[in-house]
Amino acid sequence: LPKTHKDIIPWAEKTFAGRLILHDKAKKLLEDKSAQNVDIELICNSLEFLATEYYDLRYNGKTQDEINIICSEKYERLFTVTYQNELAIEAYPNAYKIKYEKNQRTGKPKESPLNYHLRCGNTAPYLIRVYFLHDDDNKLIVVGSLPNHLPTFSNKT
C-alpha cells in the first residue's frame, strides 16, 4: 500500500487499471490538505473494495452475501454503497457532477452525476465517503470525489 497520500494516485492507477479510474477532480481532492485527515489505509481499502469486490458484484455476478463475507475477512469491516439522493445532486451540482460522459451531439465530455457513494465510518480519521459513477459501456468505476463527505440536502418541511 502507498506510504503517503500523494502516492495513492499512481498506486490506484497502476493497480486497478481497467476497473477503476480516478477523475481529475478526485485526484485534486486527494492532494488537498483535508484529505490528510483521513486514514491512508482506509482510503486504499475503499478504492480496492470498489475495484475488486464491488466491481465483481456489478459486472461479474458475485452476490452481496459473497461480498460481505470477503469484506469481513479481508478488511474486517463492511463498506456500504448506496444510490445518491437526486436532491443533493440538484442542489449541489458543482460537488456532485464531473465532466465525463460524452455529449451525443458534440462528442465532448458533459456533466455526469456521481450518483453512487461508498460510505464507511462515522468519526475521523476513520470516516470516508467515495462518490462515483458507473461507466457500463467500458466496465469502469469512475471515482469523482473522495475522501470527505459532500454537502447534503435534507428535505425540510
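This is a predicted model: local features need pLDDT of at least 70, side-chain atom pairs count only at pLDDT 80 or more; totals for chains, interfaces and linings use all residues.
**Entry 1**

Residues are numbered from 1 along each chain as its sequence is written, and side-chain values use heavy atoms, with hydrogens and water left out.

I then counted aromatic pairs, and the structure holds nine. Rings of Phe, Tyr and Trp (its six-membered ring) pair if their centres lie within 6.5 Å; planes under 30 degrees apart count as stacked, over 60 as edge-to-face and the rest as tilted. Tyr96 and Tyr131 form an edge-to-face pair, because their ring planes stand at 90°, with the centres 5.6 Å apart. Tyr96 belongs to helix H6 (residues 93-96) and Tyr131 to strand E6, so this pair ties together parts 35 residues apart in sequence. Helices (H or I, at least four residues) and strands (E, at least two) are DSSP runs, numbered from the N terminus. Tyr131 also counts as buried, at 1% relative accessibility.

**Entry 2: a stacked pair**

I checked Tyr116 and Phe132 next: their planes are at 25° and their centres 5.9 Å apart, so the pair is stacked. Tyr116 sits in strand E5 and Phe132 in strand E6, 16 residues apart. Tyr116 is buried at 19% relative accessibility, and Phe132 is buried at 0%. Both belong to a cluster linked by ring pairs, together with Phe49, Tyr54, Tyr75, Phe79 and Tyr83.

**Entry 3: the sheet**

In which order do the five strands of the open sheet run? I read the order as E1-E7-E6-E5-E2, with mixed pairing; two strands pair if DSSP finds at least two bridges between them. Strands E1 (20-22) and E2 (80-83) are the edges, each pairing on one side only. From one strand to the next the twist averages 30°; axes are lines fitted to C-alpha atoms, for helices over the stretch in contact, and angles run from 0 to 180 degrees between N-to-C directions. E2 pairs with E5 (residues 116-120) in the antiparallel sense over four bridges. Tyr83 stands opposite Tyr116.

**Entry 4: helices on the sheet**

I found helix H2 (residues 24-31) packed on the sheet, touching E1 and strand E7 (140-145), where contact means heavy atoms within 4.5 Å. The direction of H2 makes about 50° with that of E7. Helix H3 (residues 40-59) lies across E1, E2, E5, E6 (128-135) and E7, at about 35° to E6.

Technical notes:
Buried means under 20% relative accessible area, exposed over 50%, partly exposed in between (1.4 Å probe, protein chains only).
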